[in-house]
Amino acid sequence: MSRPRIVIVGAGFAGYRAARVLSRLTRHKADITLLNPTDYFLYLPLLPQVAAGILEPRRVTVSLTGTLPDVRLVLGEADAVDLDGHTVRYTGPEGDGGTLPFDRLILAAGSVNKLLPIPGVAEHAHGFRGLPEALYLRDHVTRQMELAASADDPASCAERCTFVVVGAGYTGTEVAAQGKLFTDSQVRKRPLRAGMRPRWLLLDVAERVLPELDENLSRTADRVLRQRGVEVRMGTSVKEATHRGVLLTDGEFVDTRTLVWCVGVRPDPLAESLELPLEKGRLLVDPYLQVPGRPGLFAAGDAAAVPDLEKPGAYTPMTAQHAWRQGKAVAHNVAASLGLGERRAYRHRDLGFVVDLGGVKAAANPLGIPLSGVAAGAVTRGYHLAAMPGNRVRVAADWLLDAVLPRQAVQLGLVRSWSVPLDTASPELARVPGGPGKARAANPGPAGGSRAGEGAEPADALRDADAGKHAEPPGPLKEPDLIQDADAAEHAEPPGPVKEPDLVQDADADADADVDADAARHAEAPGAVKQPDLVQAPERTPGAASSDAPAVHKHRPRDPSTLAPPEPGSPASSEGDS
């Protein structure tokens, strides 16, 4: 008799915990498969410290294969679920598709950046949900401070050292707090023009900072931010974003090159594509985290609307704490459905919250006891070390080094602004020039679904969730986006029109085609408008990349004179969370 097949979609807090607990409960009595775009679990609460240069990026990641030895990892993104056929269709990181059969399915796809219909935000802002976005923000802030220090024009210096963060929840508050310390440390090494200092604005339409938390925590965070020099503006948000700055709802225009969007999150579009009952985009489940009417379907984390048994009529909020606990509960219930143990209803008890404000400052209320200052900082870091499933020693070592050594502020240049669009269904993945795209399919019907937007008309690559994720960089050059990439002259988005190939470099291109086969996929986007190197860069039609059509692999013609634009419907491949 074959063993039951369990498929888990997403390796965020819920998916990772479910895989780990299920591996222990089943003890080789079931085949467990984990589908995730990356090979790591990301500890999101410490991401602001990556952006501030305190922690190295790998410190907040935990290897899936290294910590889940009895779980099969499949790299890819779920495209569609056939509930009647009991299969999950996915696209791998190199465009190869596949299908995973299941007897039990745990949907833990997580969440993505929440967008609001504000003009210019999708084009000029960046989110903060994945490692690529944190790396981009660190490079971008460092570059702005370096350019501001060398600027001759006072107005240019002022706008470069002005940073606007929208959203005063967990993420936005910590980004503003850590960011202000980061820029102040750079100014001490390289002062700005006389009388100028880095300016950080934290905006939110709510009445107070951290509106979802206890008022004591809110007051502590507000006091620390203001003492540090952050302009906290409650009841204010962005009315419009442009390439030169942002227009606020109070009528003020702020000149800036940086807009960080931390307004909140929305459930992954995969949940909506299933065409099952939803609650604000989240899949409705019972207290046992099972979807009613679907015995083999479970959901947990941000993708699931889980009844809050402590507050009848309400649902648990979308937080890492709930997702982590739900991962354990859903693992026990899936095992129980296989005859291993008993079902457990999801209940929780509030143990308190912690907010890291940088340095030795924090706000915390463990077990309901309000703390601030050094004591809160110690509790906060102790909590994170205990909660992390790995890398504890490395994280503690980085904290120690940051306390005794000056912080390094250098640009690595690994992530460009166009590779981390705000409107994307995969913030954990960065777009790459010539990267593979995901094939699209129509919704298979009420028995299953595909990601929202599939089969839709072509859309702008920065606005469409999947096109922004997989499309090649836009075609025709436009005015540089000064907010997304201040150094646009150096790091412009890959252009469309091109010039003749370099005959010196390409004279032997035919002979070297096999050697440089991958270069067409991985070459850096060219800076000037020119014809692509026939071996090193992919062909494309100007402007074609902004459509919803999949990215295509192009082959170099034997005769350069026979170059022709690629067909928009050519075979596709894709770059493979929560």
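This is a predicted model: local features need pLDDT of at least 70, side-chain atom pairs count only at pLDDT 80 or more; totals for chains, interfaces and linings use all residues.

Reader: Which strands form the open sheet with antiparallel pairing, and in what order?

Author: The order is E23-E24-E25, and the three strands of this open sheet pair in the antiparallel sense. Strand E23 (354-356) and strand E25 (371-372) are at the edges; each has a single partner strand, so one side of each is left without a neighbour in the sheet.

Reader: Which helix packs on the sheet, and at what angle to E24?

Author: Helix H11, residues 373-387, packs there and touches E23, E24 and E25. The direction of H11 makes about 75 degrees with that of E24.

Reader: How many bridges join E23 and E24?

Author: Three bridges join E23 to strand E24 (residues 362-364), in the antiparallel sense. Val355 has Ala363 of E24 as its bridge partner.

Reader: Staying with E23, is Val354 buried or exposed?

Author: Val354, which lies in strand E23, has 12% relative accessibility and therefore counts as buried. Leaving aside neighbours within four places in sequence, Val354 is in contact with Tyr170, Ala363, Ala364, Val379, Thr380, Tyr383 and His384.

Reader: And what separates the C-alpha atoms of Val354 and Ala376?

Author: They are separated by 7.8 Å, with the two residues 22 apart along the chain.

Reader: Let us change topic to the helices. At what angle do H7 and H8 pack?

Author: Helix H7 (residues 170-189) and helix H8 (residues 215-228) pack at about 25 degrees, and their axes are 10 Å apart. The pair therefore counts as roughly parallel. The crossing of H7 past H8 is left-handed.

Reader: Which residues make the contact?

Author: From H7 they are Thr173, Ala177, Lys180, Leu181 and Asp184, while H8 supplies Ala221, Leu225 and Arg228. Four residues of this contact between H7 and H8 are nonpolar, one is polar and three are charged.

Reader: How do H5 and H7 cross?

Author: The axes of helix H5 (residues 131-150) and H7 cross at roughly 40 degrees and come within 10 Å. That angle makes H5 oblique to H7. H5 passes H7 in a right-handed crossing.

Reader: Which residues are involved in that contact?

Author: On the H5 side the contact is made by Leu137, Arg138, Val141, Thr142 and Met145, and on the H7 side by Val175, Phe182, Thr183, Gln186 and Val187. By class, the contact of H5 with H7 has six nonpolar, three polar and one charged residues.

Reader: Gln186 interests me. Is Gln186 buried or exposed?

Author: Gln186 is found in helix H7 and counts as buried, at 10% relative accessibility.

Reader: What is Gln186 in contact with?

Author: If neighbours within four places in sequence are left aside, the contacts of Gln186 are Val141, Thr142, Met145 and Ala409.

Reader: Now the hairpin of E6 and E7. Which residue takes a positive phi?

Author: His86 does, with phi near 55 degrees; the hairpin has four residues between the strands. Strand E6 (residues 77-82) and strand E7 (residues 87-91) are paired in the antiparallel sense over five bridges. In E7, Thr91 is the bridge partner of Glu77.

Reader: How many residues of E6 are buried?

Author: Five of the six residues of E6 are buried, and the strand is mostly covered.

Reader: What is the order of the open sheet with mixed pairing?

Author: The order is E19-E20-E22, and the sheet has three strands. Strand E19 (278-279) and strand E22 (304-305) are the edge strands, each pairing on one side only. Strand E20 (residues 282-284) runs parallel to E22, with two bridges between them. Within that pairing, the bridge partner of Leu283 in E22 is Ala304.

Reader: Finally, where is Ala300?

Author: Ala300 is in the loop between strand E21 (297-299) and E22. Its relative accessible area is 1%, and Ala300 is buried.

Reader: Which residues does Ala300 touch?

Author: Not counting residues up to four places away in sequence, Ala300 touches Ala14, Leu107, Ala108, Gln326 and Val330. Ala300 and His322 are 9.0 Å apart, C-alpha to C-alpha, and 22 residues apart in sequence.

Conventions
Residues are numbered from 1 along each chain as its sequence is written. Side-chain values use heavy atoms; hydrogens and water are left out. Two strands pair if DSSP finds at least two bridges between them. Contact means heavy atoms within 4.5 Å. Axes are lines fitted to C-alpha atoms, for helices over the stretch in contact, and angles run from 0 to 180 degrees between N-to-C directions. Angles under 35 degrees count as roughly parallel, over 145 as roughly antiparallel, 65 to 115 as roughly perpendicular and the rest as oblique. A crossing is left-handed if the near helix is turned anticlockwise from the far one by less than a right angle, and right-handed if clockwise. Ala, Val, Leu, Ile, Met, Phe, Trp, Tyr, Cys and Pro count as nonpolar, Asp, Glu, Lys and Arg as charged, and the others, Gly among them, as polar. Buried means under 20% relative accessible area, exposed over 50%, partly exposed in between (1.4 Å probe, protein chains only).
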